[in-house]
Amino acid sequence: MDSNEFRKRGAEMVEYICQYLETLNERRVTPSVEPGYLRHLLPAEAPHEPEDWDKIMMDVEDKIMPGVTHWQHPRFHAYFPAGNSFPSILGDMLGDGIGCIGFSWAASPACTELETIVLDWLGKAIGLPDHFLALKEGSTGGGVIQTSASECILVSLLAARAQAIKRLKSQHPFVEECLLLSKLMAYCSKEAHSCVEKAAMISFVKLRILEPDENASLRGETLRQAMEEDELQGFVPFFVSTTLGTTGSCAFDNLYEIGQELKNFPGVWLHVDAAYAGNSFICPELKPLLKGIEFADSFNTNPNKWLLTNFDCSTLWVRDRIRLTSALVVDPLYLKHGYSDAAIDYRHWGVPLSRRFRSLKLWFVLRSYGISGLQKYIRHHIDLAKRFEQHVLKDKRFEVCNQVKLGLVCFRLLGSDKLNEKLLSAINESGKLHMVPACVNEKYIIRFCAVAQNATEEDIDYAWETIVDFANEILEKEQHDELSEIINQKKTHTLEKKRSFFVRMVSDPKIYNPAINKAGTPKVSLDMASPVAARGSNPVIRTQSSIDHNSWISWPLAFLFNSNDDNGQKSNVSLRFRHLDTNVRPSSSRRNSGAGSSPSPEADHAASSVVNIIKSPKKSPNLMRKGLSIFTGISDRTWLR
C-alpha cells in the first residue's frame, strides 16, 4: 500500500469508523457467539499471497464485528467508561504514524517533553499538591503515562519495596535481603482492585486485606490496629494502597484518616488509586473527595476511563521521582546519552523499555475540549446516574446499594442473591443491555454505569424500562414457582392424609359403611369372664361413658389383651370388635381368679358369647373357628397363625 492507496483507504476507514459509531444502537450490545467461533471462519494459516483490501474489510464486517462487545454502545452500562473521542483517535493515529519509541529524551525529545507538560496540566486541573508536578520550582516529583492502573500500582509497590529493603539493610547489614523481604507487609481494603493482590504476588511480598466499614470505606483506625498487630508479630509495614472510587461500588477510603495514622509509621508508602474517580476531580465541586491527598506518595488515574481518551493512557504522579526510578534503573551504555543528567528518561519510570507517543492523544483531548468541556461531560454523566437512581428509588421492589456520588449506581431486587443473578443473566442474554455484578457487604449487586460519550436521558429511561420488564418476568416466574411448590406440598399432604384415612378405614368400618351408623347399633360392652371360672355367665351390658379406653383391634388380638401381664394384672383396655359396635372388657372374676392357662378359641367364654350372638351356641370348636372367621373377616389360615 503506497501513500496514494493509503489516502484512499484512510478516508474509507474514517468513514467506516464514523458509520460504526453513528449506528451502534442498531447492533446487539454483546455478541451471541461461543468460544472458538472465529477459528472456524478463518483459515488455519496466513495467506501466502497478498489479498485485496476490499475483501479484508468485508471480513471485518462479516467475521470480526459479530464477535465484538461494543463498549461505546449507548446500552453498554458495564464496568466503567471506555474513553473515546475523535480527537483522541486522531492523536493516536498521528502517534502511530510517527512511530517513535520514546524510552529516553534522546530517542524522541518531543515525546518525552510533551508527556511531562501534559501530566503537569492534568495534575493541576485535578488539584494535586505542587510536589507532584515536575515543572514546579523546587519539586522532586513528576508524572508519567503507564499502560493501566495495574501497572501504576505495581510500579509504586516496587518503589516502596526497594526503599523498605534499603532502610532495613542499613539497620541489619548482615541479614540476607531475602529474609528482609519475607518480613515486608502491604495493606489494602477488601474493596480494592484485584491488581493490588497481583502486584503483591509479583513483588513477593505479603499483603493483608482489611475489612472496610458499612460504606465500603477503609478507615484509619482499622489500618492502625492491623499495622500494630503485625509489628508485634515481627513484620514490617511498608506499603498501603487506598482507593478513591472502588470498582465494586465507587466507594471512597477515608484518605485523610489513613494519612493521619501513617504519621506514626514513617517509611510507609501511601498510594492512592483513583482510576475512575480521579478524573472527576477536575470539577471544583468534587475536589472535597480528594481530601488527604497531601499525605500520599503516589497517585494514579485513568484518562482512558472518563476523560474521552482511548486506551491505553493511565497517568501516575509521584512525590519523589528519585525514589521511584532508583527501584527501576537499568542503564546500559547503549541507552546513555549526553543529556542524561538534565532530562527525564521515562524508561526508568516503568516496567517496559519501549514507549509509545501516548501524550499526543491526551494533548489533543485537553486542547479540543478544554477543562470546561471535560467538566461538562463528567457532570452530564453524574446527572444521568442520578436520574437512574431516582428510577430505582421509586420502585419499592428495588434498593440502591451505594452512595451515588459519581456515575455509578449499584442496585438490586429485594430478595435473594439467586434472584438477582437470574435477573442480570436474563438481561445480558437478551443483548438489549449489558451490566456486570459485584459483591459488596456480602451482597450480590448489579452495577449500572453511564459510559457512552453521547448518552441521553432517553437511554437511561430505556435501560430502566428494560430492567423493569425483565424484573416483572422474573418475579412472576418466581411467584409461579412458589405457587407450584405450595400446590405440590398440598398434594403431598393430601396423599398422606388419604393414606392415613385408608388405615383408619380398614380399622373402623363406620368410615366407609354408613349403614352401621344408620342402624344405630347400641354401644354395648361385654365383660368377658375367664374361660374356666366364668363359663356360662351372661354378658354384662355397660354404657359407653363408663368405658375408660377403646382399642380398635381385630377379634383374635382380644385373647392377647385378656391375658395377664408379667405381674399377674389384667389389662384395663376395653376391646372393640371390628364388625360390631361393642366394647368388651375383662370381668372382675377373671382378674380375681387364679387361672393361669393361656386362653384359646375353643375354651374362651368370649367365643361362646359370640356364638350366642350369631345364634349358634352349640357349635363344635372347628365350626366355632369358621364362625369367628366370618365374624372378624380373618381367614382360617390367619387364625391358625
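A salt bridge here is a side-chain nitrogen of Lys or Arg within 4 Å of a carboxyl oxygen of Asp or Glu, and the side chains of Asp230 and Arg208 meet in one, at 3.0 Å from N to O. The structure is a predicted model, in which local features need pLDDT of at least 70 and side-chain atom pairs count only at pLDDT 80 or more, while totals for chains, interfaces and linings use all residues. Residues are numbered from 1 along each chain as its sequence is written, and side-chain values use heavy atoms, with hydrogens and water left out.

**Overall make-up**

- The protein contains 20 helices and 15 strands, where helices (H or I, at least four residues) and strands (E, at least two) are DSSP runs numbered from the N terminus.
- Of its 641 residues, 46% count as buried, a word that stands for under 20% relative accessible area, whereas exposed stands for over 50% and partly exposed for values in between (1.4 Å probe, protein chains only).
- The accessible surface of the protein comes to about 33000 Å², and 55% of that surface belongs to carbon and sulfur atoms; such areas come from the Shrake-Rupley method with a 1.4 Å probe, and for residues only the protein chains shown count as cover.
- When contacts (heavy atoms within 4.5 Å) are taken between residues at least 6 apart in sequence, 70% of them join residues at least 24 apart.

**Salt bridges**

- A search of the whole structure finds 35 salt bridges.
- In the pair formed by Asp230 and Arg208, Asp230 lies in helix H8 (residues 220-232) and Arg208 in strand S3, so the pair ties together parts that are 22 residues apart in sequence.
- Asp230 is buried, with a relative accessible area of 7%, whereas Arg208 is partly exposed at 26% relative accessibility.
- Glu285 and Arg379 also meet through their side chains in a salt bridge, at 2.8 Å from N to O; Glu285 lies in the loop between strand S5 (269-273) and strand S6 (298-301) and Arg379 in helix H12 (residues 359-394), so this pair ties together parts that are 94 residues apart in sequence.
- Glu285 counts as partly exposed at 45% relative accessibility, and Arg379 is likewise partly exposed, with a relative accessible area of 31%.
- Within helix H2 (residues 53-64), Lys63 and Asp59 are four residues apart, about one turn of the helix, and they form a salt bridge whose closest N and O atoms are 3.1 Å apart.
- A network of salt bridges links Asp92, Asp96, Asp312, Arg356, Arg358 and Lys361.

**Backbone features in loops**

- Asp312, one of the residues in that network, is joined to Phe311 by a cis peptide bond with omega of about 5°, and Asp312 lies in the loop between helix H10 (303-306) and strand S7 (314-318).
- Leu308 is found in the loop between H10 and S7, where its phi is near 60°, a positive value in a residue other than glycine, and Leu308 counts as buried at 1% relative accessibility.
- Phe204 has a phi near 60°, a positive value in a residue other than glycine; this residue is found in the loop between helix H7 (194-203) and strand S3 (206-210) and is exposed, with a relative accessible area of 65%.

**Surface patches**

- Patches are made of residues with over 30% relative accessible area and no salt bridge, with like charges joined within 9 Å and nonpolar side chains (Val, Leu, Ile, Met, Phe, Trp, Tyr) joined within 5 Å.
- Asp469 is found in helix H14 (residues 457-507) and counts as exposed at 51% relative accessibility.
- Val14, Leu90 and Met93 make a nonpolar surface patch of about 260 Å², in which Met93, a residue of helix H3 (residues 86-98), is partly exposed with a relative accessible area of 44%.

- Thr466 is found in helix H14 and counts as buried at 7% relative accessibility.
- Leaving aside its neighbours within four places in sequence, Thr466 is in contact with Lys432 and Leu433.
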